[in-house]
Each structure stands twice: as structure tokens, then as C-alpha cells.
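This briefing goes through one structure by topic, from the overall build of a chain to single residues. Please keep the sequence and the model open beside the text.

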Amino acid sequence: MTDVAMSAPTNHAPLIAADGVPLKLKLARTTRRMKWRAFLLTVPLVLFLLIAFVMPIGEMLYRSMHNPTGSNVMPQFSVAIQDWDGEGLPSEEIFKIFVEDMTAAKKNREVGKTIGNLATRVNYEIPGSRSLFTRTARKTKNIKEGPYKEALLALDQKWENPVLWRTLQRVSKDYTLAFYLAATDRKYAENGDIVSADPLYQIYLPILFKTIWMSALITLFCFIIAYPVSYLLSTLPLRTSNLLMILVLLPFWTSLLVRTSAWIAMLQTQGVINNIMVYLGVITDESRIQMIYNLTGTIIAMVHILLPFMILPLYSVMKTIPPTYMRAARSMGASGTYSFIKVYFPQTIPGIAAGTLLVFILAIGYYITPALVGGSDGLLISNLIADHIKKTLNWSLGAALGTILLVVVLVFYWIYNKLVGVDNLKFG
Amino acid sequence: MKLTKLLASTAVGAAIALGSVAAHAAGDLTVVSWGGAYTKSQVEAYHKPYIAKTGANIKSEDYNGGIAEIKAQVEAGNVTWDIVDVELSDAIRACDEGLLETIDHSSLPAGDDGTPATDDFLAGTLYDCAVANIVWSTIFAYDKTKIENGPKTMADFFDLGKFPGKRGLRKGAKVNLEFALIADGVAAADVYKVMETPEGIDRAFAKLDTIKKDVVWWEAGAQPPQMLADGEVAMTTAYNGRVFNAVAGEGKPFEIVWDGQVWDLDLWVIPKGAKNKDTALDFLKFSTETKQLAAQASYISYGPARKSSAPLVGKFHNKDIDMGPQMPTSPANLANAVQNNFEFWADNADQLNERFNAWLAK
């Protein structure tokens, strides 16, 4: 059967175009050319996505695991130490290579290959060990001959600590999970096991959970405020609703920084709201309420800033729901509440889904507003990431935290997709 | 035809503009500092005389400290900052990591009295990659119109019973831990010895706990005088020069408490591969001469790093205020003072800031 179908066309002479090329071939060529042209039109976008999106994220993933400081600074030692079994102290031979590498590295002024880089890297693992490296490196050039172990210990007794050498062994490997451990409040114990960090130093997981929880809260507040507003906008006559729409859009078009600063002026203890309350006698001058530079301030400012992202999808969905459906339900005897729950609300779900997803994902990575009004307890995970990129310069830890945040967002997106279905989203 | 012409002329125009920008950039010296009253004092004392002497163009930029920008520029191979004013612990760390040019101390000019530079600079102010220009200090200050019989000691700053009201503190572990221990009765000389032990750190945090709920945290040096003026806080830690300039320049009724001050250095550094490295080095030498350092002290109350500058320090530039007693290094102010231990902070800053952040978030 198939054979017949396959061989059937060969029984006929192929159709030939005017220039002698088989028509089929010519058609294929033309479609291919058209496809290419279509593809060329998308090239700017593809390039843009590649350069501005795929490459930076790839770089971030790579940096969070790849830190070649150890092998950059001490090329010979980082290979030699891998043969050590981790018992007692390394052999005299390894000590010799260590001293030689350190003397050579001390002369190196190339960025990323200095003793200072290695000292900083080890200091992440053993806080307080930084100066041991810089101090020792100043003196190793005086060690001219063996025994090297004794000579190094004579410079500083701290080199007798096997934990230091085990850490150096770990740091000498280019690929490491250490930054993911740090980003989840864990660390390597002295014997190499993975353990939880001291509760006093645990910060990343609590802040991550707080970020998720706050984003959920902000999304909820946005929904509660946006739903009635969108309903009003979609049911009012066009002229009035357009006017009200401008009131929604005007802040949306205003700079983020301006809106955040405006909230500072409103909410601070000497600000507009506190002043009015004192004037009206609601509170006394001494008991002014702290509404900014804390969690409350962050939530208020972020709900305001993200509100349009909830209103617009909701509005666009509600606009398409014919009012006749509700009237039909009422005419058949359903109460107002019942018809709203059974008829109106289910039809707005695509808008709710889109709005909550937008607001939640924007909130979870928010940076500027919490940085300005967050004070001490309103900080989010993105502020810690910025801190590591800009202040402590621990880019690997910043990258690991960024990757975790990305994974969290993807997981939430996946759950969301299971619950609502991405095809059901309606962004407007 | 018309379009081609337009394109051609635009291209030529752009080329000329680019060319002139490039030529301009090569001559401009980009000097980066902390902004506000401090940068102003440098412009008056360093930049203006240097421009008058050499005819060079100086572009002044502000930043908020740290070595992130220097690191980013050096790693990208596009260094646009020629000379930067940094804190000591940052200078040491950046130098250790190979981000800075080294500076030959013997090439620095001798003092006005003929003392060689290496003897003229105060002990501990010259480093492989950095030359100090000023001594500054973190102190605490209050508004004397609002508190009668004001605080006298660091312990008073932590005493909410005796002096109720909000406190301003810099957001970060550095200096706050020192202050807490001094307030808790540790002698200034022993502060870092106590901080070397885990119990000492616990003790410092326990002391900070006693005022935590009343603290407003600041980050930029210009904030604390503003917070005092607005009445947001009853007292606040601050950089001494900023408070002094609010008093002398704007007539604010602030009072500085020198007890327990933590003093530190600001230094010039040249990022590795700076475009105008030679001009930057020349500017560095010029600005740290005896006369320029002394002149800066008449614009802001930071102490000059050269011994030979001290006798030349006179009055505030437009008021009859003797600058000598306003300096962190004045003997009366040094009675109970701590010098910031850069090695301790280079070793422990990451860990302690993590603990500080965890403590803040609780």
C-alpha cells in the first residue's frame, strides 16, 4: 500500500517550471528563502535575547560553581595537594611546592592571581584566616632551603592546623559547591561533612522564605485592592472609566524612584500622615507611628507600585465579559452573590491568574523599593545579592543566591502552570 | 541622493565629535571622592591650585566607598577613574588583590621644613599602593537645643533611660561593635583584643540589643546631620567633618562627643591601568604636599596626614573658628580613642557583616 503511494508520482513526468527547474524544487526553494527572510527579521530579537538574557544567566550559573582562584594563584600546589589523603599534615614535598608557589604568587600583581585573591577565597571558608596568608607571603621568600615544613611553622604556628590544609585542598579545585552551601546557610565542618551554619550567622534561607512570604502577601493585597477597581473600570461608561484609567496609568508612568520617595515623604515619622494625625489629635507628638524603614513601609510602597500590573490584566478580562450573563443568571432566580460566584468570578480567572503571576514574580526579585524604605527588617533576598555584588565583592556567592532565586521562580511557575495552566493566562 | 548626503555628513559629524571626546578624555583627570562637604574641601585645597599650576582639566566624581567599581573597571580593562579616595581597609584589600598601581614613597615630595616624605607622614599612613591624605573619625553627636545637660560618654549614647529618643547608627558591623564595647566598659586600648574572642563579639551584640528597637540606620555620610536636623533621631553616630561643617557652615546647634571615637585614614589610590596614570601620580604628589594638606583642614575638620602640616592649620576658611581643637588628632579628643584596626576588619568583615545582617533581620 505504502509502496504504491510512494512510487506513484514517479510514474508521471515531473512538472517543470518555465526555466526548466522542476516545480517542486522551485517551490521548496522559494519557501526556504521566505523562511530565511522571516528568520532574518527575528535576528535582532534573537541576538538581543542571547546577549542580554541567555549569556548573563549562563555566566551567573557558571560563576556560582566555578571559582579558579586556588589554581590561578598556586598552579603547582593546587595539583600537588590533591594527592594528599587528608590525614595529619601534607608531606614535606607538598610544603616545598607551597612555599615556592607562595613566593612566586607574592611577586604576581596580575588581577585574580595574587595572594590577596587566595586569602579572600580561603577567608570565606575560615573567617579570620586572611591575614595569615598575606602575612606569611611577605616572608616566604626568606625560606631558601628545607626542611620547608619547619620553616613555615616557624613563620606562623597556625600552619600546623590540618583544617587549614583540608580547606586549601578543597579551594584548589576549580569547581565547588561551597557557594551553594553558603547560600543555604550550610558549611563544611572540620572533618569535611556538610553541616548547618551557626544559627547566629544564618541569614540567607530565612530571608529567602521571608521574600516568598512577603511577595505572596503583596500579591494578595494587590488582588484585594485591584479586583473592585477593575470591576468598576469595566462597568462604568467609557468616558468616566477612561478618566479613572488615567489615574491608574499616571503613577504607572511615573519613575519608580519618584513614587518610592513620595512614600517616604508621606510615611516618615515627621511626614504628612503622622503630622495630620498629630494635628487631629489621634496620636500625640511623642507617639508618632513608625511606618517606614520597616516591613510595613516596604509592603505599602510595593503594593502601590505593583498595583497596575494586577489592574490591567483584570480590567482587560472583565471588559470582555458580557453583562447579559449576570442578568441572565439573576432572571433565573440566582441571588446577587450566587450569580457573582457562579457566573462572573469564574470568567475572570484568566485575568486573576495573569495578574497574580506578574505581581508575584516582580515582587520576589524586587530591589530598589526595599533598599530605600526597607530599613532593617524589610530587606529582601535581592538586596543581599546586590550587597555581595557591590560591597563584599563575593560574586560567586551572589551568583549562587541569584541562581537559587531563579530556580525558586521557575518552581513557582511550574506549580502555577499545574494549577491554572499557562494557556489560561490572559495578560490583556 | 539627499539621504546619502545626510548620512555622510552625520558620519563625519559623529567622527569629529568622537575624536574631540577622545582628545578631551585624555587630558581630563578623573578624581573620585565621597561627595558633599568633603569633596568640596578637596576641590578648594587640591583641585583649584593644581589647575592653576598645570592647566590640567579635572573631572570630579562622587561615590559611596567600597572597591566594587575599581574592581569592575580593572577587570573589564576599561579604567575611567584615575585617582580615588578610599578607606584604609579597602586600600589594603584592593592592593592585595592587584587592583592598584604601586607608589614609590621616595618619589613623594619632602615636607616644607625639608623632612623627607617617609618621615614627614604620620606613622602608618604610607602603604605600597596608597598615600594617606587625612585622618577622619566616627563620633556621635546630638542637638544641644533639644537635650539639656547632654551626653558626655559613649555609655550615655547607649543609655535610653537617661537620654530617651531614637539613635542613628551606620548600617554595618564596623565601628558599631567598637562603640558597643566601649559603652560596655571596655578600655579603648583593649577593644580589638576583646573583639578577637567570640565572647567579645557576643558581648558587643548584646549591648547593641539594648538599643536595637530605637535605632535608625544610615548609609551615606550626608544622612546623619540631616537626621539630626529633622529631629528623626536624638543622637547619631556620624563622620566628625560632616557634623563640624553643619555647625560651622550652616549654623546648626550640634555638639560632638569625642569619647570613644574610632579614627581611620582616607588615602589616595590609583587603579591599575588608569588612563592618565602619570597625571594622577603627579596630582597625588601635589595634593599631599604640606601646604595643600594644611589648606584642606581649613575647609573641613579632618586632620592632615603630614606632621609638617599641623603647625600650618589655622582657622575655618570664612569664620573665626580655630580648626586645631576640631581635629580627631587633637590631644583632648584622643583621650579615649580607638584607631580602626584594618587587619581585624580585613579578616572578619565578611563574617561579622553576615552576623550583623542576621541580627538585623531578627
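Helices here are DSSP runs of H or I with at least four residues, strands are runs of E with at least two, and both are numbered from the N terminus. By that count, chain B holds 14 helices and 11 strands. The model is a predicted one, and every value below is computed from it.

**Overall build of chain B**

- Chain B has a radius of gyration of 23 Å, which agrees with the value near 21 Å that a compact globule of 362 residues would have.
- Taken along the principal axes, the box filled by the C-alpha atoms of chain B is roughly 80 × 55 × 40 Å.
- Of its 362 residues, 49% count as buried.
- When contacts in chain B between residues at least 6 apart in sequence are considered, 74% of them join residues at least 24 apart.

**Where chain B touches chain A**

- The contact between the chains draws on 33 residues from chain A and 28 residues from chain B.
- On the side of chain B, the elements that contribute two or more residues are α3 (68-76), α4 (88-96), β7 (215-218) and α14 (342-361).
- The largest share of that side comes from α14(B), which supplies 12 residues.
- By residue type, the side of chain B that touches chain A is made up of 12 charged, 10 nonpolar and six polar residues.

**Helix α4 of chain B and what follows**

- Helix α4(B), one of the elements named for the contact with chain A, is largely enclosed by the rest of the structure, because nine of its nine residues are buried.
- The buried residues of α4(B) include the charged pair B:Asp90 and B:Arg93, as well as B:Leu88, B:Ile92 and B:Cys95.
- After α4(B) comes B:Gly98, which has a positive phi near 75 degrees.

**Helix pairs in chain A**

- Two packed helices are described by the angle between their axes and the distance between the axes.
- Helix α2 (residues 23-65) of chain A packs against helix α20 (residues 395-419) of chain A at an angle of about 120 degrees, and their axes are 7 Å apart; that makes α2(A) oblique to α20(A), and their crossing is left-handed.
- In this pair, A:Met60, A:Leu61, A:Arg63 and A:Ser64 of α2(A) meet residues of α20(A), among them A:Trp395, A:Ala399 and A:Thr403, and the contact as a whole comprises five nonpolar, four polar and one charged residue.
- Helix α6 (residues 115-125) and helix α9 (residues 162-171) of chain A pack at an angle of about 115 degrees with their axes 10 Å apart; α6(A) and α9(A) are therefore roughly perpendicular to each other, and the crossing is right-handed.
- The meeting residues are A:Arg121, A:Val122 and A:Glu125 in α6(A) and A:Thr167, A:Leu168 and A:Val171 in α9(A), which divide into three nonpolar, one polar and two charged.
- The axes of helix α13 (residues 256-267) and helix α15 (residues 295-319) of chain A come within 10 Å and cross at roughly 140 degrees; that makes α13(A) oblique to α15(A), in a right-handed crossing.
- This contact is made by A:Leu256, A:Arg259, A:Thr260, A:Trp263 and A:Leu267 of α13(A), together with A:Gly297, A:Ile300, A:Ala301, A:His304 and A:Ile305 of α15(A), and its residues are six nonpolar, three polar and one charged.

**Positive phi in loops of chain A**

- A:Asp185, in the loop between α10 (178-183) and β1 (186-188) of chain A, has a positive phi near 55 degrees although it is a residue other than glycine.
- A:Asp185 counts as buried because it has 20 C-beta neighbours inside 10 Å, and 20 or more is the cut-off for a buried residue.
- A:Leu393, which is not a glycine either, has a positive phi of about 65 degrees and lies in the loop between α19 (381-390) and α20 of chain A.
- With 21 other C-beta atoms within 10 Å, A:Leu393 is buried.

- B:Asp282 belongs to helix α12 (residues 277-287) of chain B and counts as partly exposed, with 16 C-beta neighbours inside 10 Å.

Conventions:
Residues numbered from 1 in each chain as written. Chains lettered and ligands numbered in written order. Predicted model: local features only at pLDDT ≥ 70, side-chain atom pairs only at ≥ 80, totals over all residues. Rg over C-alpha atoms; globule rule 2.2 N^0.38 Å. Buried ≥ 20, exposed ≤ 12 C-beta atoms within 10 Å, placed from the backbone. Contact = placed C-beta atoms within 7 Å. Axes fitted to C-alpha atoms, helices over the stretch in contact; angles between N-to-C directions. Parallel < 35°, antiparallel > 145°, perpendicular 65-115°, else oblique. Left-handed = near helix turned anticlockwise from the far one by under 90°.
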